[in-house]
Amino acid sequence: MEWRDADRHRLAIFAATAVAARAGTFGNPNVHVDEQFYLYVARRMIDGALPFVDVWDRKPIGLFALYLPAAALPYGWSIWAYQILALIAVIATAWLAARIAAQVGWVRGATAAGIGYILLLNWFGGQGGQAPIFCNLPMAFAMLLILRGGARREVAAMAAIGIALQIKYSVVFEGVFAGLYILWRHWRAGERGALIWRGVLLVGVALLPTAAVWLWYAAHGHAQAFLFANVVSILQRGGDPADERLAMLATLLGWMVLPVALAVAGLRGGDSPGGDRQGRRFLAGWLAAALAGIAILGGWLLHYALPVMLPVSVALAGLFCIRPRLTIGFLIVAALVGQGVLWSNRHGRGTPAAFDTLVARIAAAPAGCLYVYSGPPGLQDASGRCALSRYVFPGHLYRVHEARAIGADQMREVERIFAQAPAVVILRPSSRGERRDIRTLVESRLRSAYRPLQPARLGSETLQIWVHR
């Protein structure tokens, strides 16, 4: 009874912390361009469009499906809706992180684990509805089930991992670790007779949601489109320039080093009488698997660290048990730094008022379709204007690393768009990793058939607005 009362109080603490930590983003459509695009795809799905066919991306369809309830609302309300859904996911994941910490014997630090998870999300671009915000929830549930043990729980855990896979494919590394750990535990217990069949079952359960989606696409004649977007394009995607990759890696490591170091200290020093030492070894393996996923996938954008912050936050519970003052001090620093990041992003990416002003200017332009060559894809959604290509996420058509990975020739697709005479074209300043030949083509088309409007300021960038003459 005492545990249940403490659990309810802990949940209330997590809810209050999450609201306070994320309040600065509520209602702001500029939190991240990825989230703008997820919302756009979901709205297109409601209108009957099919991801990978009518609107292209390589994210799992489960991620877009999560945005469907929000996309059913008018644009302004839909921003609030998806952010509230993300808030609920964060609170639930924090609660599960505390449960995991208690399961391995860190009851005293369980609350610190949940608070740490909430606060660290702000460090790594998790203020809104990025994919890990949602896939961390089934992953945390899966890891808790594995720690508790039992054949049924193990199968349920792999089913949860299968759901996480349909939100973000990079969780495959944590999923492989979970499956291997389950098999090793049975091997260690002497249950070796049916180990291969158990492995087949676990893999099959984890892949079932993805297989079901592929079968649906195959039944509707789109098997190839699904396989290209979800498998081939991922393998064909190129890399950014070496100096840019190194800069991103240095930034990512700079942000990760302190929380990961404290997590390692918690794992090494968090033993307690009667605790689950094997469970703590499991947490160490989970953390290693999450880190391996970052190292192997490359890219090294800041939000790639979000899955790592889940095992890191659980390990903070172990640190609290041996160094409570250090842990509390770190949580205070995490809260302050996180709010600094939110403030910086708000001013760097733009306020809701600046976004609304830009949308109003687009709405006042002559009727016709909108082409966001480079800039926030949310403008396509908020303006209500038609798109002229299934490649609506701007980077797909001008980034060097996408040149061989989208199933179309970038230059020809841009030429095809301009052949349809979009009424409005949006350009952000030139960026690293952009194909200069495509930028030159776009600027040539604009000079020949478009007139510029007064540029618009959105955060730290100035966007050019061109309308057809």
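Predicted model: local features only at pLDDT ≥ 70, side-chain atom pairs only at ≥ 80, totals over all residues.
A disulfide is a pair of cysteine sulfur atoms within 2.5 Å. Residues are numbered from 1 along each chain as its sequence is written, and side-chain values use heavy atoms, with hydrogens and water left out.

**The disulfide**

A search of the whole structure finds 1 disulfide. C369 and C386 form it, with their sulfur atoms 1.7 Å apart. The link is left-handed, at -95° about the S-S bond. C369 sits in the loop between α16 (352-364) and β1 (370-372), and C386 in the loop between α17 (378-383) and α18 (410-419), so the pair ties together parts that are 17 residues apart in sequence. Helices here are DSSP runs of H or I with at least four residues, strands are runs of E with at least two, and both are numbered from the N terminus.

How accessible are the cysteines? Buried means under 20% relative accessible area, exposed over 50%, and partly exposed in between, with a 1.4 Å probe and protein chains only. C369 is buried at 15%. C386 is partly exposed at 37%.

| Cysteine | Relative accessible area | Class |
|---|---|---|
| C369 | 15% | C369: buried |
| C386 | 37% | C386: partly exposed |
| C135 | 0% | C135: buried |
| C321 | 17% | C321: buried |

N230 belongs to helix α11 (residues 223-236). N230 is buried, at 5% relative accessibility. Its side chain reaches the backbone oxygen of F226 at 2.8 Å. That is a polar contact: a pair of N or O atoms within 3.5 Å; within protein, one must be able to donate a hydrogen and the other to accept it, and residues adjacent in sequence count only if both atoms are side-chain atoms. Leaving aside neighbours within four places in sequence, N230 is in contact with F52, R58, K59, P60 and Y169.

F52, one of those partners, lies in the loop between α2 (33-46) and α3 (61-66). F52 is buried at 1% relative accessibility. Its phi is near 75°, a positive value in a residue other than glycine.

A421 also has a positive phi, near 55°, and is likewise a residue other than glycine. A421 lies in the loop between α18 and β2 (424-427). A421 is partly exposed, with a relative accessible area of 39%.

S313 is in helix α14 (residues 309-322). S313 is buried, with a relative accessible area of 0%. The S313 side chain reaches the backbone oxygen of L310 at 2.7 Å. Leaving aside neighbours within four places in sequence, S313 is in contact with A97, A113, G116 and Y117.

P376 is placed in the loop between β1 and α17. P376 counts as buried, at 9% relative accessibility. Not counting residues up to four places away in sequence, P376 touches V33, Q36, L458 and L463. The C-alpha atoms of P376 and L463 are separated by 9.8 Å, and these residues are 87 residues apart along the chain.

Q339 lies in helix α15 (residues 324-349). Q339 is partly exposed, at 34% relative accessibility. Leaving aside neighbours within four places in sequence, Q339 is in contact with A20, A21 and N122.

**The second largest pocket**

What lines the second largest pocket? The lining has 16 residues, of which V172, V176, V203, A206 and L207 lie nearest the centre. By class, 12 are nonpolar, 4 are polar and none is charged. Ala, Val, Leu, Ile, Met, Phe, Trp, Tyr, Cys and Pro count as nonpolar, Asp, Glu, Lys and Arg as charged, and the others, Gly among them, as polar. Helices α8 (151-165), α9 (172-188) and α10 (195-219) each supply at least two lining residues. The space in this pocket is about 370 Å³. A pocket is an open set of points on a 1 Å grid over the protein atoms alone, where a 1.4 Å probe fits, with protein on both sides within 12 Å along at least five of seven lines; lining residues have an atom within 4 Å of a point.

Technical notes
Contact = heavy atoms within 4.5 Å. Points joined across faces, edges and corners; volume = space filled by probe spheres on them.
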